[in-house]
Every structure is written in C-alpha cells, then in structure tokens.
Amino acid sequence: MNPVAGRPIRRLLVIVAMASVAFAACSGGGTPAPSGGDLEGKISFLHKYADPRYTPYFDAVVAAYLADNPKVEIEVIAETDQGVKDKLRVMAASNTLPDVYFSWAGDFTKKFVRGDLARDLTADVSGDWRASFTPAALEAYTYDGKLYGVPFTLDAKYIVFNKKLLADNGVNVPTTLEELLAACDTFKDKGVKDPMAFGNQFGWPAIHFMTQLNAYYVPPETLAKDYDPATGEFTDPGYLQALEAFADINTHCLTPGANGISHENAQANFLNSSSPMHYIEAVEFQVLTEAGGAPAELAANWDFMKLPAPATTPGDKGALTGAPDGFLINQSSKEVDIAVDFLQYLTSLENAQKLTKDLGWLSPVIGSATTDNTFEQNVRVVQDISEASNMAIWLDTVTHIDVANAYLNGVQAMLDGTKTAADVVADVQAAAATAKASTQ
Amino acid sequence: MQTSRRGRWSMLLWVAPAVVLLVLFVYYPVVENLRLSLFRWSAFSRETFVGLDNYETMAADPVFWSSLFNNVAYAVVSVVFQVFGGLVLAAVLEELVRGRLKGIFRTVYFVPAVLSLTVVGLLFTFIYNPQIGLVNGFLDLVGLAGLKHSWLGESATAIWSIIAMSQWQSVGYVMVLFIVAMQRIPRELYEAAYIDGASRIQAFRRITVPLVREMTLLATIITISGAFLVMNEVWVMTAGGPNNSSHTLASWMYKSAFFNDQMGYAAALAVVIFVITLAASIVQLFLNRGKAVQY
C-alpha cells in the first residue's frame, strides 16, 4: 500500500508563512541557479494553463530559459484544465508523453508511476533545490518514499465573501457550519436569492465541497484507508453525514439549478455583488482584484474563510481542501538533464515570485509570496494554509476513478433531486468494491 | 473497346494510393478495434485478454442503455425535424419565396450549419442558463414561469435540450440538400400540374416528394448515422451529465476511454456504434433499392 496517496497530505505547513517571510528577507541565494547554458537538445513541455491570462507567464519563462540556454529547444504544449486529462491519457497510451508534463497529486500521478511513465526524481531534486520547497508540497508527490513530481503551484479552497454585503445585511462571518446555514437564511430573508454563488456544470465544484466535508465528518485514519483503492470501503457513517451536510448547504445557500451553470458564470454573480459568497480556489483570488478585472467596489471589500466546520465532528476540523499542482518527467525522456534543469529553473525563487506577482498564484517555493509582489489576501492565505492541520487532496484526483465518478455523478444527481445522500453512499461503496477488486 | 494490359496496370496504379490509405486508416483500425475490444487495458497498463467480458459489462451497464436510448431519440427527432422539416422548408423557399428574399432566407437557415459545434454549444449553454438564459427569460415574459428549468442541469431535460440545439443547427444543411435536388426537377412538371388544377400541396406530394426520393434517402442516412455519432455537442454542453443522463454512445465511449481508463470497454462500445450505423445504412439502402422515380 502506498503510504501517501489515498490519504490527506500531512501538513501543508506551518512553516510556509513564517518561512516565507524569513526567506524573503534573506532570499538572495535561496534557490540554486540552474545550469549555465551548456545544455543542448530539445524537450517537450505540457502544461494545463492555456487560458490567455496565464500563457504569457509561461511564454516569458520559457523564453528566458532559452535565452540562457541557446542550444536548447522547448516545444510548449498548452492545454486546458479539462483537456489535459484526456490529452495525457492519449499520450500515455500512444507512448508519446512529453518530456515534462503536468499532473495532479494523488491517484492521478500514481497511475503514471504504476505505468512506469514517471521518472523517480528523488536524486534529481536534492540539496538546496529540495530545501526550497515547503515539505508538504513535495510529500504530495512522494510515493513509497520516492519523489515523482516537482510541485509548481499551491492551492486551497476557500469561501470568499463580500464584506459590504455581509455588513449591509447584518450578517457576521460564520465560524461554524450551522452559522453558515443561518447566515444564508438571513440573506434569503433579506431578498438575496443566491447567498452562495455556485455553478456545477462539470461536477468538480461540488466535489470540492465533499472533499472538505468528508475531512470534517470522517476520522483521518478512516479517510486514509478508504481513499486507498486497495482498502477502501466507505462504510463509516461520516460519509452519509457529509453528503447530508452538503444537501443542507445546497438547500440553504447554493444557487438553484447549479448543474446547468458553469463555475465561471456563478463567479460573475459574486463579482457583480449579486451573491455575497462563493467557494473558490486560492489560485482564483487574482480575479477578485482590480488588476484581475473585478469591479473596484468588490475588489476593496472581499475577504476569505474556510468552509466552516460543524460544531461537533469526528473528523479533522483543521483540515483544508487543496493540494499542490506539479510536473512529472517522462521515464522515457532522452533529455532528462534538460528536463530537470528546466524544472529547476521554472521553480526557482525568482520565477516563483514572478508567478505570484504576474498571476496571483501561490507557489510551494518558500518565500515566493510577500507584500511586495502580491495583494494582501494572498499573503494572508499563505499564513492560513500554513495553519492547516492537513491538506485534503481533491476527492476527484485522490481516489480511484470509479469512486471519484460515483461522487461526481451522485452529487450532481442530489442537486437535481434524482438521488438521496443514502443512494450516493451506496453507489460509492459499490464503486469502492469494484476499485478494490481491480487492484487485486 | 478493350483495355490493354498496360492500361489496366496504369488504372490500378492510380487507384492504389487511395486503396492503401483507405485500408490503413479505415479498415485496419476497424479490425484492430474489434481485437482490442476483447482485452482489458488502459493508457497506463498492459493488455489482458478477457474474451467477451467487455460486452457482458456493456449489457449490464445502465449508462450504455441510457446512452443508446439518447441516440435513438436523437435519430428519431432528427429525422422528423431535419429531414421532414428540411424538405418542407426547401419546398416553401423554392415555391413561395421570390427574389432576393429567397437568397436571404437560404443564408439565414444555412448559417448555423457552418458554425463550429463548440461555438454553438457554448452559445446554447448561455441560452439554457437557468438564471440569465433566453429560454427561461422568455417563459417568464409569457407568464409560463412554472415551466422554467435548469435545462442542461436536470437529468430529465438535458439530452432533449441538446437535441433541440442540434435541430436548430442542422435543419438548414438538409434544407440546402433538398433545394439542390428540387432545382433539378423540370418546371414543366409543375406547370402541367397547375394547369390540370393541382394545388401546391398536391404538387408537393405528387411531384416534389417522389422526385427527391434519392436525396431523402441520402439525408436520412446522413441524419441517422450522424445521430449515432453525436459527441461534441454533448461534451461541450454537459459532458454527459448530470449523473450521466445526457451521454450518447460516442460520449460514453470517450469518457470510458479517456476519463475512466477503460480502453477495452471503450473499444467494445466503438464496435457497437459501428455495427449500429452500418446496419442502419444497409437497411435503408435495401428498403430503397430500385425505387428511384423518374417522370
């Protein structure tokens, strides 16, 4: 059994914020410089940031690397978040994986490891380079004691809220799940139709709720056992409670008909102040700033909080949904030196700070987010992530695909009223049994 | 005239590239897919021979049956709206609309057919949006708010909403096919019919419909085959959701292969799609054999 995948990542850590500040202060030589231009060859590089807002960053970093390494060529393949999932499978099946390719942490990466398609990077990522990462981010890509991925971004899920709308409607920032439901009721009583903007067209936004709620309602050891395909059973009553809690959140807070609304459409309702709350990833915080295109009034009036935990719960109240995203190196790559060197360059402190400055994203490189290069909420969110007791990896990537599908389809069916929470638990248990059989 | 041996070789030489390409890119993949459907494999694992297990799994898979139903629904609705609707539209434009208006209407109806499916899919995602969409807005306007739905977000309405979009997009294409066929019908036939006292509807039934029979067959084959290959619009608008309710066989095959890591199962689905479309075409060709009409 793999020691990491299938359970929430241990500690995304304390240290991040404190170390951020400390390293930022003395960061001149914090990250080692990659090799000095004598490499020669060509690599391919697949990322999932094809959005026109993000590609300039990658273009700039690749161009800078090529300027330093004139004998190197890089073929950049840009995909979308959705598209990269099937592109990777097509490439894996046809043995044409790029030298460097994107992969989510969890079972998604484990598939490449099991298929002997990902290089063991334990010896490559060592010394100062290894030390430059927050340890939990590396741990997310470590299986059986070996490192298979280089973390690139750091992400976590938060409820963002419009401070002005809360104040105008006499709502305090909720600290428990029960208070959140009451706050939603207050908003509705005051005529706010959608207290929490929510679009679930492709299923994953609801899965992020379930990731957090499972961590709250199920003891961590049970969760770790069940998320591992070889031992998963999902018989703990906490799974049903978590789904019922989601049903409550839906009834009290979420946008009706959410399966027919995209996440981006829902986000527009938060941006134009129609909805006072929205559940988003920290990498999306940038769009809530004026630089990211948000209206000035909202940009000056938003803050964030974790999805509040229920008052009493057997799970881990300190857990936080999120994970790093990162890159793997093809086991069959003929240009491993260049691939490693490029990844080292991509995750240098300088480029990590540029990532945070240009895109507003958090990096796992220590010292990358400071008040000098990003907005105030981003600096604070690093602190908040550091205080999480556990990082709960996205449910749709940490579990076996059959279990993930049972959740994705089941929660959509709950939203359109065709299944109950108990039905979904039964589906998940059946999927876990199938997954277990497939691993034996 | 006898063809010389050299001429025959020369003929074969000219045909050979096309035959080679056809064998390589059409027939070989079909046979290879049939072989792969007998294995369990994924992008990340080696092939394991499982015989007909994938077909047994398919028979017990509720999503396969709902996808098949969705394809059949797609085909039936498309034949009614696209083939019959396209025929009527073409006849109306040819017989009743005159001058510049004829060209304008042809263009208006045909334009959706040249739009990218992805663009149309996204456009209709907005039209069906439960909050800001035109459909719900219109229902509000006419006092039918009780009929409002999250059209793409409910299991009961998602596939029908996609089918409706597809009719809007494709009817113009079929209409143009019929216009081409109708323009080949001699005007004298209509003039003679009108002199004999036939109404426009009688002329349509007795002259137009029989003389565009071959085009009707072609349009029906295209429409039914197309209905069993529908994939893009489903993927763009719902990705098969909610709860797999709007999958077609092609989108379920795609999801099985590239999301669920069940390549062997997906290959079995591909075999079924191939058999269905081939059978549908053969049946239609057989039914229409030797029934071409000429006056």
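A salt bridge is a side-chain nitrogen of Lys or Arg within 4 Å of a carboxyl oxygen of Asp or Glu. By that rule, two salt bridges cross the interface of chain A and chain B. Keep in mind that this is a predicted model, where local features need pLDDT of at least 70, side-chain atom pairs count only at pLDDT 80 or more, and totals for chains, interfaces and linings use all residues. Residues are numbered from 1 along each chain as its sequence is written, chains are lettered from A in the order in which they are written, and side-chain values use heavy atoms, with hydrogens and water left out.

**Where the chains meet**
- Arg89(A) makes a salt bridge with Asp261(B), and their closest N and O atoms sit 2.6 Å apart.
- On chain A, 31 residues are in contact with 30 residues of chain B (contact means heavy atoms within 4.5 Å).
- Together the two chains bury about 2300 Å², with 51% of it on carbon and sulfur atoms; buried area is the accessible area (1.4 Å probe) that two parts lose on being put together, summed over both.

**Inside chain A**
- Strand β2(A) covers residues 41–47, and six of its seven residues are buried, meaning under 20% relative accessible area (1.4 Å probe, protein chains only). Strands here are DSSP runs of E, at least two residues, numbered from the N terminus.
- β2(A) pairs with β3(A), residues 72–78, in the parallel sense over seven bridges; to pair, two strands need at least two DSSP bridges between them.
- Within this pairing, Leu46(A) stands opposite Ile77(A) of β3(A).

Methods. Buried means under 20% relative accessible area, exposed over 50%, partly exposed in between (1.4 Å probe, protein chains only). Helices (H or I, at least four residues) and strands (E, at least two) are DSSP runs, numbered from the N terminus.
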